[in-house]
Amino acid sequence: MVLTDRVRTTRRRLLGGGLGVATLAGCGVFRDEPKPPPAPDPLQPVLDEALALAGAYDRVIAAQPALSARLTPLAADHRSHAAELAKLIDTKASAPPPEAVDSVAGLRAAELAAQKTAVAACRAAPADRAGLVGSIAACRATHAEALR
Amino acid sequence: MNEQVAAALAAEEAAIYAYGIIGVELPESAQVTEARAAEQAHRDRRDYLVGKMDQPRTSPAGYRMPFPVTDRGTALKLAIHVEDGVAQAWRPVLAVTQDADRMTALAAMTDAAVRATRWRRLAAVSPATMAFPGWAE
């Protein structure tokens with residue numbers, strides 16, 4: 001009797017252990033499935049706009065080389081913004097949609113729209129990001145002023 | 001927060017004082033009007049900040065301008081200098097505020113940066129913008 005009980009106990013333990021293994025294996029099956037992509041960083045739209053704006057300036061400069069001296073520093077500002085933001089966030093350099101902009105007036109409108117994005121991002125940002133995003137918002141406003 | 005607010009207040013006080021000098025040296029009435037509008041904007045920001053201070057402030061000390069203002073060129077240079085200084089004083093306020101107060105701080109920093117750009121254009125300083133307003137170059 002005693003011996004049988006021991007055997008039963010051991011069998012039960014084995015069964016329990018087997019179930020445990022089966023459960024872990026189940027987890028492993030799910031682990032192999034593609035994970036949903038992580039939510040993009042809240043600053044990703046600010047970074048995307050910085051790159052899109054820089055590209056828009058490049059196209060306007062290419063079409064109107066006489067504007068190069070005036071516009072090149074503004075394009076450089078946007079690339080500086082993108083570089084600083086890329087240091088903060090885990091980004092996969094998503095190709096921003098091209099801005100359909102072919103004039104200084106179009107650039108100005110794009111700057112004002114991008115300023116709004118950065119203002120909203122500044123409002124929502126944690127304390128350690130507020131200064132950088134706020135500065136980017138202010139810079140976009142100064143660009144709109146410079147394009148008047 | 002009080003430390004950052006006090007620094008912004010000091011910058012606004014300095015700007016108000018400086019615009020009194022700047023206005024005298026600007027030759028064109030349009031620019032004088034712009035300087036007066038800027039001075040009034042800084043007075044409004046000062047009043048807002050005074051309301052945010054936990055403790056009564058001490059009256060501001062006398063100001064020393066960073067260089068003598070003797071003509072249009074030095075007046076514009078001082079205007080650029082004070083607006084850059086105001087933007088730099090407001091930036092740290094962003095990190096210690098939230099919601100509406102942070103938006104006010106951002107508006108104050110942005111307005112100062114935009115005025116600095118406007119004065120740079122009038123002074124034919126190029127480039128008229130900087131990548132990170134509010135950060136010391």
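In this predicted model, helix 1 of chain B passes helix 3 of chain B in a left-handed crossing. Chain B has four helices and zero strands, while chain A has five helices and zero strands. The points below take up the two chains, their helix packing, and several individual residues.

**Overall composition**

- Read along the sequence, the elements of chain B follow the pattern α-α-α-α, and those of chain A run α-α-α-α-α from the N terminus on.
- Chain B contains 137 residues, of which 47% are buried.
- Chain A contains 148 residues, and 38% of them count as buried.
- Among the contacts in chain B with a separation of 6 or more, 77% involve residues 24 or more positions apart.
- The corresponding share in chain A, again for contacts with a separation of 6 or more, is 79%.

**Helix 1 against helix 3 in chain B**

- Helix 1 (residues 2-25) and helix 3 (residues 72-95) of chain B pack at an angle of about 165°, and their axes lie 9 Å apart.
- This angle makes helix 1 of chain B roughly antiparallel to helix 3 of chain B, the cut-off for that description being an angle over 145 degrees.
- On the side of helix 1 of chain B, the contact includes Gln4(B), Val5(B), Ala7(B), Ala8(B), Ala11(B), Glu12(B), Ala15(B) and Tyr19(B).

**Helix 2 of chain B**

- Helix 2 of chain B covers residues 29-52; at 1.5 Å a residue, its 24 residues should span 34 Å, and the end C-alpha atoms are 35 Å apart, which agrees.
- The buried residues in this helix are Gln31(B), Val32(B), Ala35(B), Ala38(B), Glu39(B), His42(B), Arg45(B), Arg46(B) and Leu49(B).
- An α-helix has 3.6 residues a turn, so residues three or four places apart point the same way.
- The buried residues of helix 2 of chain B pack against helix 1, helix 3 and helix 4 (99-122) of chain B.

**Helix 2 against helix 5 in chain A**

- The axes of helix 2 (residues 44-63) and helix 5 of chain A come within 12 Å and cross at roughly 25°.
- That angle makes helix 2 of chain A roughly parallel to helix 5 of chain A, as angles under 35 degrees are counted that way.
- The crossing of helix 2 of chain A past helix 5 of chain A is left-handed.
- Helix 2 of chain A contributes Val46(A), Glu49(A), Ala50(A), Leu53(A) and Tyr57(A) to the contact, and helix 5 of chain A contributes Ile136(A), Arg140(A) and His143(A).
- The residues of this contact between helix 2 and helix 5 of chain A divide into five nonpolar, one polar and two charged.

**Helix 5 of chain A**

- Helix 5 of chain A covers residues 127-146; at 1.5 Å a residue, its 20 residues should span 28 Å, and the end C-alpha atoms are 29 Å apart, which agrees.
- Of the 20 residues of helix 5 of chain A, 18 are buried, so this helix is largely enclosed by the rest of the structure.

**Arg108 of chain A**

- Arg108(A) has its place in helix 4 (residues 104-124) of chain A.
- With a relative accessible area of 23%, Arg108(A) is partly exposed.
- Leaving aside neighbours within four places in sequence, Arg108(A) is in contact with Ala144(A), Leu147(A) and Arg148(A).
- Arg108(A) and Glu145(A) are 37 residues apart in sequence, and their C-alpha atoms are 8.2 Å apart in space.

**Backbone features of chain B**

- Most residues other than glycine have a negative phi, and most peptide bonds are trans.
- Asp99(B), which is not a glycine, has a positive phi of about 50°.
- Asp99(B) is found in helix 4 of chain B and counts as partly exposed at 44% relative accessibility.
- Ala124(B), also a residue other than glycine, has a positive phi near 55°.
- Ala124(B) lies in the segment after helix 4 of chain B and is exposed, with a relative accessible area of 67%.
- Ser126(B) and Pro127(B) are joined by a cis peptide bond with omega of about -5°, and Pro127(B) is found in the segment after helix 4 of chain B.

Terms used
Residues are numbered from 1 along each chain as its sequence is written. Chains are lettered from A and ligands numbered from 1 in the order in which they are written. This is a predicted model: local features need pLDDT of at least 70, side-chain atom pairs count only at pLDDT 80 or more; totals for chains, interfaces and linings use all residues. Side-chain values use heavy atoms; hydrogens and water are left out. Axes are lines fitted to C-alpha atoms, for helices over the stretch in contact, and angles run from 0 to 180 degrees between N-to-C directions. Angles under 35 degrees count as roughly parallel, over 145 as roughly antiparallel, 65 to 115 as roughly perpendicular and the rest as oblique. A crossing is left-handed if the near helix is turned anticlockwise from the far one by less than a right angle, and right-handed if clockwise. Contact means heavy atoms within 4.5 Å. The expected span of a helix is 1.5 Å times one less than its number of residues. Buried means under 20% relative accessible area, exposed over 50%, partly exposed in between (1.4 Å probe, protein chains only). Ala, Val, Leu, Ile, Met, Phe, Trp, Tyr, Cys and Pro count as nonpolar, Asp, Glu, Lys and Arg as charged, and the others, Gly among them, as polar.
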